[in-house]
Amino acid sequence: MASSPRILIADDQSDIVEALRLLLKREFTVHTAASPAAVLEVAGREELDLVLMDLNYARDTTSGKEGFELLDKLRELDAALPVVVMTAWGSIEGAVEAVRRGARDYVQKPWESARLLATLRTQVELGSALRRSRRLEQEASRQRAQQLPKMIADAPAMKPVLALIERVAPSDANVLILGEHGTGKEVIARRMHEGSLRASKPFVAVDAGGLSPSLFESELFGHVRGAFTDAKADRVGCFELADGGTLFLDEIGNLPIAQQVKLLRVIQTGEFHPVGSSRTRRANVRVLAATNVDIGREVVEGRFREDLLYRLNTVEVHLPPLRERREDIGGLAMHFLERVAARYGKPVRALSPGAMRALTEHSWPGNVRELEHVMERSVLMATGDAIAAEDLGLRKPAHAPVAAAPTADAAGDEGLTLEQIEYHAIQRALARAGGNVNDAAVALGLSRSALYRRLQAHGIKAG
């Protein structure tokens, strides 16, 4: 037989407590308390279905201050616990304030028994439904996490990454994912979203660093019709699209300072204005950001706001390059092979030993993204059911020593690949600039951030 709902009656007047206990005892299991401290003691000990509480506990006090403080503490203890407040006739303002603070309803003293019972029954049912919904949501989240496709990440370098993702994913913490180009930062972001309580809500990805200043606000915050020349209709921005879910901001390290200020405010307050609108809108999003630049160095050199970094990197995930997780190359290659072969209807099913050896020995400056492209090309080029080494089309890495190759200064660039030419050009520019990255970037006609990306891709240490 199901147990009756458990109600806590809280009032400092014993006659009121006794009258309520007699009224409710046939339908509810009743606990009583005469002070805020006693209420918290019972609530911490018993699993309650509802609290019916007065707002005033000190003699000759009608401010409700004690009741408001108690209500806040009960909300901290269990946000799903329904609280109904009692207030004397003529003190409706206090009841309204209590509802604003999280109380579900209020009743006036002296109460009407039928109305009081109906109110309590309704709130007990609503509270039970809310708890049941939250349990189902948490269980569904756990099941989704268990059903996620297994990440191909058996290398020792990936073990701490996976452990950190498992700990952080269920939270609402903002996460900054750091790693070279092509290491799979968006894959990690999607996995964290799928392992969170927001998994049933949208995951919206945007290349924040690739947005022009003129498009930044429109893309992230939206715009209204007529806001600018080409605004022919209202547009919903990424923050609003991701409301309740996750917003992934890729290449955040390339965001100009002016846009960083605007982004910081929205992350701090959750409020924004679509371009051309004065109406404030709100969005509840979890922000996952990613960058391949040395973000700490960008802060030191004044190109990235430190306060924005603190908002983004509650937790940092450092994703290792593929050359540091060679144990995963074979598994990743077969994964891409199977997917591409199915897409193109090719009978390719395996990698020859020579092809596997070539893959594991390659330096992979483009990381997992490069491996994916190589496997797509290889499947298309293969003539049998297995990929041979020559089908891979791998070239010697630009940053590896080139035996007997003519240096660019001695014999020009003839005979070198485009990657090797770029590598030598950067080395020459750095040498002429005495290692100064700013001067080298100017000489090469590149921005400083663009040069840093190329330095990382080629494995060149600078400064």
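Methionine 381 sits in helix 15; helices here are DSSP runs of H or I with at least four residues, strands are runs of E with at least two, and both are numbered from the N terminus. With a relative accessible area of 51%, methionine 381 is exposed (exposed means over 50%, buried under 20%, and partly exposed in between, with a 1.4 Å probe and protein chains only). Together with Tyr344 and Leu380, Met381 makes a nonpolar surface patch of about 300 Å². Patches take residues with over 30% relative accessible area and no salt bridge, joining like charges within 9 Å and nonpolar side chains (Val, Leu, Ile, Met, Phe, Trp, Tyr) within 5 Å. The accessible areas come from the Shrake-Rupley method with a 1.4 Å probe, and for residues only the protein chains shown count as cover.

A quick word on what you're looking at: this is a predicted model, where local features need pLDDT of at least 70 and side-chain atom pairs count only at pLDDT 80 or more, while totals for chains, interfaces and linings use all residues. Residues are numbered from 1 along each chain as its sequence is written, and side-chain values use heavy atoms, leaving out hydrogens and water.

## The largest pocket

Rolling a probe the size of a water molecule over the atoms shows where empty space is left. In this model, the largest pocket holds about 840 Å³ of space. It is lined by 30 residues, and the closest to its centre are Gly184, Glu186, Val187, Ile188 and Val368. A pocket, on a 1 Å grid over the protein atoms alone, is an open set of points where a 1.4 Å probe fits, with protein on both sides within 12 Å along at least five of seven lines; lining residues have an atom within 4 Å of a point. Grid points are joined across faces, edges and corners, and the volume is the space filled by probe spheres set on the points.

Which element gives the largest share of the lining? That's helix 7, with 8 residues. The elements that give two or more residues are helix 7 (185–194), helix 13 (329–344) and helix 15 (367–381). Sorted by class, the lining has 12 nonpolar, 6 polar and 12 charged residues. Here Ala, Val, Leu, Ile, Met, Phe, Trp, Tyr, Cys and Pro count as nonpolar, Asp, Glu, Lys and Arg as charged, and the others, Gly among them, as polar.

## Salt bridges

Side chains of opposite charge can pair when their charged atoms come close. The whole structure has 25 salt bridges, each one a side-chain nitrogen of Lys or Arg within 4 Å of a carboxyl oxygen of Asp or Glu. One of them pairs aspartate 49 with arginine 6, at 3.1 Å from N to O. Aspartate 49 is in the loop between helix 2 (36–45) and strand 3 (50–54), and arginine 6 is in strand 1 (residues 6–10), so this pair ties together parts that are 43 residues apart in sequence. Aspartate 49 is buried at 16% relative accessibility, whereas arginine 6 is partly exposed at 25%.

Glutamate 219 and arginine 235 also form a salt bridge, with their closest N and O atoms 2.7 Å apart. This pair links glutamate 219 in helix 8 (residues 213–221) to arginine 235 in strand 9 (residues 235–236), 16 residues apart. Then there's arginine 339 with glutamate 372, at 2.5 Å from N to O. Arginine 339 is in helix 13 and glutamate 372 in helix 15, so the pair ties together parts 33 residues apart in sequence.

Most residues other than glycine have a negative phi, and most peptide bonds are trans. The bond from lysine 109 to proline 110, though, is cis, with omega near -5°. Proline 110 is in the loop between strand 5 (105–109) and helix 5 (113–147).

Tryptophan 364 isn't a glycine, yet its phi is positive at about 50°. You'll find tryptophan 364 in the loop between helix 14 (353–361) and helix 15, and it is buried at 0% relative accessibility. Glutamate 251 has a positive phi too, near 55°. Its place is the loop between strand 10 (246–250) and helix 10 (257–269), where glutamate 251 is buried at 11% relative accessibility.
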